[in-house]
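Please look over the structure shown below with attention to its charged pairs, its helix packing and its backbone geometry. The briefing that follows takes these topics in turn.

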Amino acid sequence: MPDASSTFYLTTPIYYVNDAPHIGHAYTTVAADVITRWHRQRQEPVWFLTGTDEHGQKVMRTAEANGVTPQQWADRLVEDAWKPVLETLDVRNDDFIRTTQARHTERVQAFIQDLKDKGEIYAGSYEGPYCVGCEEFKLPGDLVDGTGEYEGQKVCAIHSTPVEMLSEQNYFFRMSAYTQRLLDFYEQNPTFVQPASARNEVISFVKQGLQDLSISRNTFDWGIPIPWDTSHVLYVWFDALLNYATAIGVDSDDPEEKARFERTWPANVHLVGKDILRFHAVIWPAMLMAAGLPLPGQVFAHGWLLVGGEKMSKSKLTGIAPSQIIDTFGSDAFRYYFLRSIAFGQDGSFSWEDLAARYQAELANGFGNLASRVAAMIGKYYGGVLPQAGPQTDAEETLAAVAARAVTDAEDAMDRLALHEAISAVWTLVEATNGYITEQEPWKVAKDPAEVGPDGAAVQGGRLATILVTAAEALRALAVLLNPVTPKAAAALWESLGAEPALGALALQPVDAAARWGQLPAGTVVTKGASLFPRIEEPAAS
Ligand code: ME8
């Protein structure tokens, strides 16, 4: 593995501000948030960066069409759409970079000047197709035959819209020189590109031999000026990729920023959608090699959310705004659903029916109902005060073993970014706890005369007490393990278990201690709060 820095540094792509976010963007950001919250729950230092990509023709044309300057357009979209969605999704990013900020533009200029001084950049001429939707110089082999109104034309395979033919004097980065070095790097770092399908795709692409990359444009001016020739602006992808370095203070003289860079660089994971894999797994490491900077630990490309079998996108009118889901189901359900139902790394189809069915079965009836049943029974039999447990039987030991296993399996899955597997592992504890209660039938045990004291109240240290304390312990473990995925429900559960006075804040519970049984002391006050996931009587229609 490449040298890992002491801070777990994870990034999302920085998103174009030509439009408001849809659930595809939210999917990446939520995944990043769950991974970083998991690492924070492990009590590791974490840095989670997201932001917006504001230069280039796509944003410029949208601004023009709306009669405002690109900067005005970007400001509006960032404040009215991109930042608010982080809030509604409960995302805890440490920083938000905008490529129009001075900290970015100045450091980008210094970076490319350095590449120029190192002889990595030369002037040349570019002729070929360009897709403004992708902001990408295309190779003829990347294009496909158009259909419908574009019949007879070559179109972009991702956007299904025609490409533009460019013929410009540009500056070029000597990327072809890095073909073999990149192949050697992939070979020596087998987990650099993940999942395996992405790695294979990247290797076979690079094996064909890389071409030099055009890195400037001179037919419009919405971009970062090339420092030695301000009639050109930097190609938007060269500008955008550098956000991962500029945001944490590459090249800064400020001692605090320098220290941040030292402990944070390089990123452990760049999380991206598979549409932008090559930029991150080929161009980005080549840029860093040229600059002499250490390379990231991993580029992980997740799959696409499909609607009607195609990549969901606003331009194809299949875009769904996150609020459409959150308004009905809540942010926790949004986070849970997309990460549980789609194998992370593969494409997944979105459907309202599937979302509603999983919400009802897994969140409302599975987890939410478990939490309220246990709190209600502690309320009914012990006046809401956790009793002293009695001797353990095989049933309690079995449940404790399920919890221990859930922690180990979830940890292992999280390290592989198999987020769906991690959540499934945690869910084994939800299911086993429900099964435990069904089998132990505490409501029947409560009727046993040996369980009733002379004052008519349930006795301490008996079987009923053991069952309810064990169930409460399982819920405590679930609050810790689900805190990264469903933070609102986990916080409400922690509150309902009355755990904070004895155990401290939920955020301070280490993942590996989740399954260490016997932490909630007798006397803890348990209350039955509002349903964590209220049942939805009328599933939303599409
Ligand atoms: O590409 N399914 O920005 P972008 C899953 N600015 N994920 C999706 C998706 C879908 N249908 N649609 C979008 C850019 N995404 C550049 C990035 S980084 C230096 C510059 C997600 O606004 C996914 O993460 O087009 C994808 O890679 C990203 O949004 C593209 O966002």
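Is R103 buried, partly exposed or exposed? At 24% relative accessibility, R103 counts as partly exposed, where buried means under 20% relative accessible area, exposed means over 50%, and partly exposed lies in between (1.4 Å probe, protein chains only). This is a predicted model, in which local features need pLDDT of at least 70 and side-chain atom pairs count only at pLDDT 80 or more, while totals for chains, interfaces and linings use all residues. Residues are numbered from 1 along each chain as its sequence is written, and side-chain values use heavy atoms, with hydrogens and water left out.

**Salt bridges**

- A salt bridge here is a side-chain nitrogen of Lys or Arg within 4 Å of a carboxyl oxygen of Asp or Glu, and by this rule the model contains 28 salt bridges.
- R103 pairs with D95 in a salt bridge with an N to O distance of 2.8 Å, and D95, at 15% relative accessibility, counts as buried.
- E473 and R476 form a salt bridge at 2.8 Å, N to O, and because they are 3 residues apart in helix α17 (residues 463-482), about one helical turn separates them; helices (H or I, at least four residues) and strands (E, at least two) are DSSP runs, numbered from the N terminus.
- E473 is buried at 1% relative accessibility, and R476 is likewise buried, with a relative accessible area of 1%.
- A network of salt bridges links R42, E44, E411 and D415.

**Helices α12 and α13**

- The side chains of R340 and E362 meet in a salt bridge at 3.7 Å, N to O.
- This pair links distant parts of the chain, with R340 in helix α12 (residues 331-341) and E362 in helix α13 (residues 352-382), 22 residues apart.
- R340 counts as buried at 15% relative accessibility, and E362 counts as buried at 16%.
- The axes of α12 and α13 come within 10 Å and cross at roughly 105 degrees, where axes are lines fitted to C-alpha atoms, for helices over the stretch in contact, and angles run from 0 to 180 degrees between N-to-C directions.
- The two helices α12 and α13 are therefore roughly perpendicular to each other, given that angles under 35 degrees count as roughly parallel, over 145 as roughly antiparallel, 65 to 115 as roughly perpendicular and the rest as oblique.
- The contact, meaning heavy atoms within 4.5 Å, is made by A333, Y336, Y337, R340 and S341 of α12 and by D354, L355, R358, Y359, E362 and L363 of α13.
- The residues of this contact of α12 with α13 divide into 6 nonpolar, 1 polar and 4 charged, where Ala, Val, Leu, Ile, Met, Phe, Trp, Tyr, Cys and Pro count as nonpolar, Asp, Glu, Lys and Arg as charged, and the others, Gly among them, as polar.

**Individual residues and their contacts**

- T11 is found in strand β1 (residues 8-16) and is buried, with a relative accessible area of 0%.
- Not counting residues up to four places away in sequence, T11 touches L49, Y244, V269, H270 and L271.
- T29 is found in helix α1 (residues 23-41) and is buried, with a relative accessible area of 4%.
- Leaving aside its neighbours within four places in sequence, T29 is in contact with T12, Y15, F48, L86 and V91.
- R260 belongs to helix α9 (residues 255-264), and R260 and T7 are 253 residues apart in sequence but 9.2 Å apart in space, C-alpha to C-alpha.

**Backbone geometry**

- The peptide bond from Q194 to P195 is cis, with omega near -5 degrees, and P195 is found in the loop between β9 (193-194) and α6 (196-207).
- A cis peptide bond also joins W265 and P266, with omega about -5 degrees, and P266 is found in the loop between α9 and β14 (269-273).
- Q43, a residue other than glycine, has a positive phi near 70 degrees; Q43 lies in the loop between α1 and β2 (46-53) and counts as partly exposed at 37% relative accessibility.
- E135, although not a glycine, has a positive phi of about 50 degrees; E135 is in the loop between β4 (121-131) and β5 (136-137) and counts as buried at 1% relative accessibility.
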